Amino acid sequence: MVIVLGLNGTDASLIYPTTGVTLTNFDEPDKVSCMIDELYDTLDGKITPNPVGKCYPHESTTVPTTTSTEPTTVSITTPFTTPTPLLRILFINDFTSNYLNNYLTKAKQTVKSRTSNSIKCPGGVRPEAGSEFDFTNDVIQGVDSSIDLEIYYNGDDRPISPSPLTRDTFPSGTEFKNVVCLDDDPQSSDLNSLVGIIEQFDFDIIVLLSAASQSEFNSAFPIPHTDATVITVGLRGASAFNAYPDTSTVIDNFNDPSIIQCMIETANRNRNTNENIRPVVECGAQSRPMMSILFINDFTTDFVGEDEDSARKIVTGKCPGGMYPEAGQEFNFTVDVINGISQDIDLMLMFDEYTGGNSGIGSGIIAREDFAHGATNILRDGCLNSHLPSDLMSFAPSIDVFADVLVLFTTESLSQPLQFSDHYFRKVIVVGLNGADSSRAYPDSSISIADFSHPEVISCMIDSFWDGKKPADCIPPPRPPITIQFINDFTSDFVGVDSTRKASQISSSHGYGKCPGGVYPLAGQEYNYTVDIVNGIRADVNIQLMFFEYSGGISAFIDNTLYNREDFAIRANDQLKNACFDDPQPSDILDFSQFSLRFVTADILVLFTTENLSEPLPYLSSNFRRILVVGLNGADNSRAYPGS
């Protein structure tokens, strides 16, 4: 328990309402003894102590008069209570690393504040903190003078001042005097801990200047256990709009304190009159910052191609280099992404077509509604004069613009974050084209796409930065892998049994020496065709592959080893790719399915065969969800498997 005896008029009742009193003299020590007794008697916790209420009650004295026999009761108010100020207001400055730059002017440097003479700062001076502190003072001094302020202040990691200040004592009554002098490097913002401190006090209005992240605002606000009106002033693009849409504003500089003064006066009016005026609207405050976004499209040769065959010449109009449809599709997809961003966000857009090399960004600011029309038809059609391979590691340092978000389209799979010349972007979203995967470099804000069919996913990722959510939550969960069993027909019905390919043949190109059974070119072509099929499956489809070379007979062990897309072509040795194996036998696909294939399960069976099947193979319908039959040498299996 704590008993506080305020001297020289100090009032401690705000923080200690049941144990804090103001002494005007030392005449009644018995009442303090009474308070100690009261606390002792209630230590068991069964009764909530109220020492002030018991030991300092309001007293009444009966005073006789000469004109009446009736006693007159005169109320005498004890000197140990003080009137409650009209407006208890807490100002909180952000001196965290979220706001302050990571440098300070060292100890011996002499600095001058605009409200003070030269002063030496033993630790170091934070210029931005000084500007913020002076702005806070300007706000306080400008609030309507008819409002009696009881001011509390918090800055850096110091506790909230226990004794209130007035307008006159604010600058000099703080620990900072007229210049903000900090000894240690600033720490990162921790609003949740700050809220825990605030909840211990009883304020009418809280004015918080903060550069906290959106996710931190969403986690800490609204403050759960306070009746105070919370006015938040976002610094460096921060915003608590989601928690306090009527009392949150953002500022880019400290030039105009009048808006915050107006919001305080409006909030005070609401508290005194039970009106419901929105301070943000009443005072013309900017409720949310604009979001600047730089979109960089990949128009390099790695995506759009480089030879004349990949560029269609324009029939009407001149296109010196050639028209690249993929570039036009990528740009139109970017337009769809922008159109899908939440309409609540005020956007400032920039765009660059990266054609290789490391040229700088030349885009100006484009409004949302002008973006699609602002690009020329040449750009929209993908008409390029010259372009080079992608080299993002050398390109990134040449980017010389600032933006809140960078949306980078690329065919490169980044293994480490890009190094920009400075902290130019608060967030980076990487869109991998043709299945490029940059999740190692940007695990929480990268996505791999195989086509331009879902712009809403990228739009959602941009919205998430605004709402403080995780961009990864916008990405649909990956579909389970699809298993595919390939059966190649290496039977004598397809590859032949020509005796000229027998054991004496040597695969000279690979130096493997003698081939015991023979080399069969058709089998090699069939296998390579299978590899091309795998490579052509959409990059965003998760596939696991099995392969078996059926060379005839009725029974054989089928290896069920699973391979991913990248390993499939590599897994076959050169002997298989050159189709070097023992003598093939005639095909008997019916017996093969009954004695071997029936023990294999997969989502899809891709069966190459020279046989003409008149009815579906038995026993396989429960083993495979889909069966695709590829007829070789003109074999027709449409009767057995119509449509597949």
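**Aromatic rings in a predicted model**

Ring pairs link Phe 295, Phe 331, Phe 351 and Phe 371 into a cluster; rings of Phe, Tyr and Trp (its six-membered ring) pair if their centres lie within 6.5 Å. This is a predicted model, in which local features need pLDDT of at least 70 and side-chain atom pairs count only at pLDDT 80 or more, while totals for chains, interfaces and linings use all residues. Residues are numbered from 1 along each chain as its sequence is written, and side-chain values use heavy atoms, without hydrogens and water.

**Exercise 1.** State how many aromatic pairs there are, and classify the pair of Tyr 99 and Phe 254.

Solution. The count comes to 25 aromatic pairs. Planes under 30 degrees apart count as stacked, over 60 as edge-to-face and the rest as tilted. For Tyr 99 and Phe 254 the centres are 6.4 Å apart and the planes make 75°, which is edge-to-face.

**Exercise 2.** Explain why this pair ties together parts that are apart in sequence.

Solution. Tyr 99 lies in the loop between strand E5 (87–92) and strand E6 (110–112). Phe 254 lies in the loop between strand E11 (248–250) and helix H7 (258–273), so the pair ties together parts 155 residues apart in sequence. Helices (H or I, at least four residues) and strands (E, at least two) are DSSP runs, numbered from the N terminus.

**Exercise 3.** Classify the pair of Phe 217 and Phe 221, and decide whether these residues are buried or exposed.

Solution. The centres of Phe 217 and Phe 221 are 5.7 Å apart with 35° between the planes, a tilted pair. Both Phe 217 and Phe 221 are buried (under 20% relative accessible area; exposed is over 50%, partly exposed in between; 1.4 Å probe, protein chains only).
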